[in-house]
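Please keep the structure open while reading.

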Amino acid sequence: MRKFLALFFAAVCVSAACAQSPLEGKRIAVFGDSYVRNHREPVENTWHYKFAKKHGMEYFNHGRNGNCVAMDRARFGEAMYKRYTELPDSLDCILLIAGHNDAALLDSVGIDNYRLRLSELCDGLIERYPQANILFFTCWNGAGFDHNKFRQVVDATIDVCGRYSIPVFDAARRGNIYAHSDAFRAVYFQNNGIKDHAHLNAKGHDRFLPVAEAFILPYLTY
């Protein structure tokens, strides 16, 4: 009997190990700024790369350092509301991670222009990928969030995407990432958080992965 139970549990473990994720073979593109490109560290360290590999998905990274949703930048290229056309033709899931640079440059971008260009981006993605699941992740929180330009961009993102029924993860308020804290950034951000309020290191990405995964998975039913 004991031998039978041992064999039974071994078979269950093997079966569980061999079970494929329902996302196996699906195509996911991550589109945005240096949160996506991962600034100066390898893309393989990012939570979205690890999420895709965990679930056996085909992964496309279209992050560009310094990129804005709403404004072209000579050094960092076309804005995302134009640049989305570079994405692959066939996708099952699109993760947008953006807004940090628009917030940092909001005096030049303008909040009304941000809303307009984000609307154009949403329109373009839905028309081009009518069957894809499109999800948006905002930028992190920061010092003085209640009164700063990052809150304006985060709240505008939630409002505009909501009009298109695009789910938004409010990483500023729900991300478990304390970008305003010097002590936190010293552990979880690149360059030990020195003059960096945006870019997670590998440990930071590992911290955020289960939070992001819990948000994403309910939308990815195939």
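A polar contact is a pair of N or O atoms within 3.5 Å; within protein, one of the two must be able to donate a hydrogen and the other to accept it. The model discussed here is a predicted one.

**His100 and its surroundings**

By that rule, the side chains of His100 and Tyr35 are joined by a polar contact of 2.9 Å. His100 is located in helix α5, which covers residues 100-104. Is His100 buried or exposed? The relative accessibility of His100 is 16%, and buried means under 20%, so His100 counts as buried. Leaving aside residues up to four places away in sequence, His100 touches Asp33, Tyr35, Cys139, Phe150, His197 and Ala198.

**Salt bridges**

How many salt bridges does the model contain? The count comes to 15.

| Pair | Closest N and O atoms |
|---|---|
| Lys54 and Glu213 | 3.0 Å |
| Arg173 and Asp155 | 3.0 Å |
| Arg163 and Asp159 | 3.0 Å |

The salt bridge between Lys54 and Glu213 links distant parts of the chain: Lys54 belongs to helix α3 (residues 47-54) and Glu213 to helix α11 (residues 202-216), 159 residues apart. Lys54 counts as exposed, at 54% relative accessibility, whereas Glu213 is buried, with a relative accessible area of 11%.

Next comes the salt bridge of Arg173 with Asp155. Arg173 lies in helix α9 (residues 171-174) and Asp155 in helix α8 (residues 149-163), so this pair ties together parts that are 18 residues apart in sequence. Arg173 is partly exposed, with a relative accessible area of 41%. Asp155 also counts as partly exposed, at 29% relative accessibility.

Where do Arg163 and Asp159 lie? Both are in helix α8, four residues apart, which is about one turn of the helix. Arg163 is exposed, its relative accessible area being 63%, while Asp159 counts as partly exposed at 32% relative accessibility.

Some salt bridges share partners, and in this way Arg151, Asp155, Asp170 and Arg173 are joined into one network.

Definitions and conventions: Residues numbered from 1 in each chain as written. Predicted model: local features only at pLDDT ≥ 70, side-chain atom pairs only at ≥ 80, totals over all residues. Heavy atoms only, no water. Helix = DSSP H or I, 4+ residues; strand = E, 2+ residues; numbered from the N terminus. Buried < 20%, exposed > 50% of the residue type's maximum accessible area, 1.4 Å probe, protein only. Contact = heavy atoms within 4.5 Å. Salt bridge = Lys/Arg side-chain N within 4 Å of Asp/Glu carboxyl O.
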